[in-house]
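Me: I would like to go through the labels given to some side-chain contacts and ask what stands behind each one. Please set each value against its cut-off.

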Amino acid sequence: MFSRFAILSVLLAALLGATAAHAQSADGIWLTQAGDARVKISKCGGGICGNVVWLREPHDTATGQPATDSKNPNPALARRPMIGLPLFSGMQPSGANKWSGQIYNADDGSTYASSVSVTGADSLRVEGCVGALCGGETWTRAGH
C-alpha cells in the first residue's frame with residue numbers, strides 16, 4: 001500500500017511540476033542584463049507589452065532633465081520620456097512561453113524583429129535581429 005501511495009505521489013508531483021513549468025508567465029517587472037533598466041511586461045491584446053518603468057540613470061547628465069528617447073530619428077518621438085517608453089510592438093504568441101514581434105532599442109533609436117522567451121521562473125531571453133545578424137540578452141525577474 002505504501003509503495004502505491006509513493007508512486008502516486010511521485011506521479012502527481014511530476015504532473016504538477018510539468019503544469020507549473022508550462023504555465024510560466026512573462027508578466028512582471030524584469031531587470032535588463034546590464035541592470036540599467038526595469039521593464040514591466042503585461043498581457044496586451046492577445047500578446048504582451050513591455051514598458052520601461054525604472055532607469056538606473058533617470059536624468060540626462062548633460063541637462064539634468066528626465067531622460068528622453070533622444071536617439072529616436074523622429075523629432076516628435078525623441079522628446080518622449082524614457083520612463084513609460086513602450087519597447088515591444090506586435091508581440092504575439094509564437095510557441096510555449098514565447099512571443100514574437102518587434103522590439104525598440106532606445107540606445108540606437110531603431111526597431112528590430114524580436115522574440116521573447118520565458119526560460120525559467122526568473123529568466124527571460126530577449127532576442128533581436130537585423131537581417132541575418134541576431135543578438136540577445138537574458139533579463140531577470142526583479143523582486144517577487
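Reply: Rings of Phe, Tyr and Trp, the last by its six-membered ring, count as a pair if their centres lie within 6.5 Å. The model is a predicted one. A search of the whole structure finds one aromatic pair.

Me: Why is the pair of Phe88 and Trp139 called stacked?

Reply: Planes under 30 degrees apart count as stacked. The planes of Phe88 and Trp139 stand at 10 degrees, with the ring centres 6.5 Å apart, so the pair is stacked.

Me: What makes this pair a tie between parts that are apart in sequence?

Reply: Phe88 belongs to strand β4 (residues 88-95) and Trp139 to strand β8 (residues 133-141), so the pair ties together parts that are 51 residues apart in sequence.

Me: How do you know whether Phe88 is buried or exposed?

Reply: Buried means under 20% relative accessible area. Phe88 has 7% and is therefore buried. Trp139, at 3%, also counts as buried.

Me: What makes Arg38 a charge over the ring of Trp54?

Reply: CZ of Arg has to be within 6 Å of the ring centre and within 35 degrees of the ring normal. Arg38 lies over the face of Trp54, 5.0 Å from the ring centre. The charged end of Arg80 likewise sits over a ring, that of Tyr104, at 5.4 Å from its centre.

Me: How do you know that Cys44 and Cys49 form a disulfide?

Reply: The rule asks for cysteine sulfur atoms within 2.5 Å. Those of Cys44 and Cys49 are 2.0 Å apart, and the two residues form a disulfide. Cys129 and Cys134 form a disulfide as well, with their sulfur atoms 2.0 Å apart. By this rule the count is two disulfides. With the bonded cysteines of the protein chain numbered in sequence order, the pairing reads 1-2, 3-4.

Me: Why is the disulfide of Cys129 and Cys134 called right-handed?

Reply: The torsion about its S-S bond is about 110 degrees, so this disulfide is right-handed.

Me: What makes Cys134 exposed?

Reply: Exposed means over 50%. Cys134 is at 54% relative accessibility and therefore counts as exposed. Cys129, at 26%, counts as partly exposed.

Terms used:
Residues numbered from 1 in each chain as written. Predicted model: local features only at pLDDT ≥ 70, side-chain atom pairs only at ≥ 80, totals over all residues. Heavy atoms only, no water. Phe/Tyr/Trp six-rings, centres within 6.5 Å; stacked < 30°, edge-to-face > 60°. Helix = DSSP H or I, 4+ residues; strand = E, 2+ residues; numbered from the N terminus. Buried < 20%, exposed > 50% of the residue type's maximum accessible area, 1.4 Å probe, protein only.
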